[in-house]
Amino acid sequence: YVFFGHSLGGRVAFELAKQLQQSGFAPPENLIVSGSRAPHLSVAGHGLHQMPDPEFIEKLKQLNGTPIEVLNHSELMELLLPMLRADFQISDTYIAEHFKLACPIRVFHGKQDVDITMSHINAWKDLTQSSMELKIFDGDHFFIHQQRPQVLEEINLILSELTVLD
């Protein structure tokens, strides 16, 4: 099996792989993280979850991951804002313990992602006993939408390299 997670999902996938490995289960064949800083690093000064609604919604527009029709729909946003704030609070504040997975880590990164630096990316190699490989795609934080065919091709390539057991 392989885990894939984008943004906060990358850190969630890491935690799941870590918990499974610590519990004695076989680790995934690969951990693929996308648009995600290494989870053992702190990020100073984000606090997006604490912004007033108008500024928070403006930041969501800048991130380019939520359809503008949703962001401009006030009743829908009233329902979604608590959930979005909770996601950003976890993303802004959670720091994982330093733990080395037994599996390789593949990191996907958007070349124009201004919130995740190369030091955030390169720190993933501290979390594996195996290898860390980086694949950079054109696009911002949500390059997985902008470059969907290329991302899927890369995931398929990784999956095709796995050993199949009879």
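**View 1. Glutamate 133, which at 41% relative accessibility counts as partly exposed, and its partner arginine 106.** In this predicted model, in which local features need pLDDT of at least 70, side-chain atom pairs count only at pLDDT 80 or more, and totals for chains, interfaces and linings use all residues, residues are numbered from 1 along each chain as its sequence is written. Side-chain values use heavy atoms, with hydrogens and water left out. Buried means under 20% relative accessible area, exposed means over 50%, and partly exposed lies in between (1.4 Å probe, protein chains only). The side chain of glutamate 133 meets that of arginine 106 in a salt bridge of 3.8 Å, taken from N to O; the term stands for a side-chain nitrogen of Lys or Arg within 4 Å of a carboxyl oxygen of Asp or Glu. This pair links distant parts of the chain, 27 residues apart, with arginine 106 in strand S3 (residues 105-110) and glutamate 133 in strand S4 (residues 132-137). Helices (H or I, at least four residues) and strands (E, at least two) are DSSP runs, numbered from the N terminus. Arginine 106 counts as buried because its relative accessibility is 11%.

**View 2. The salt bridge between aspartate 138 and lysine 111.** The closest N and O atoms of this pair are 3.1 Å apart. Aspartate 138 lies in the loop between S4 and helix H6 (143-146), while lysine 111 lies in the loop between S3 and helix H5 (118-122), and the pair links these distant parts of the chain, 27 residues apart. Aspartate 138 is partly exposed, with a relative accessible area of 43%, whereas lysine 111 counts as exposed at 53% relative accessibility.

**View 3. The salt bridge between glutamate 154 and lysine 135.** The two side chains meet at 3.9 Å, N to O. Because glutamate 154 lies in helix H7 (residues 148-160) and lysine 135 in strand S4, the pair ties together parts that are 19 residues apart in sequence. Glutamate 154 is buried, with a relative accessible area of 16%, and lysine 135 is partly exposed, with 33%.

**View 4. A network of salt bridges that links Glu15, Lys18 and Glu97.** Side chains of opposite charge can pair when their charged atoms come close. A search of the whole structure finds 8 salt bridges.

**View 5. Lysine 59 in helix H2 (residues 53-63).** Lysine 59 is buried, since its relative accessible area is 18%. Leaving aside neighbours within four places in sequence, lysine 59 is in contact (heavy atoms within 4.5 Å) with Leu48, Met51 and Asp115.
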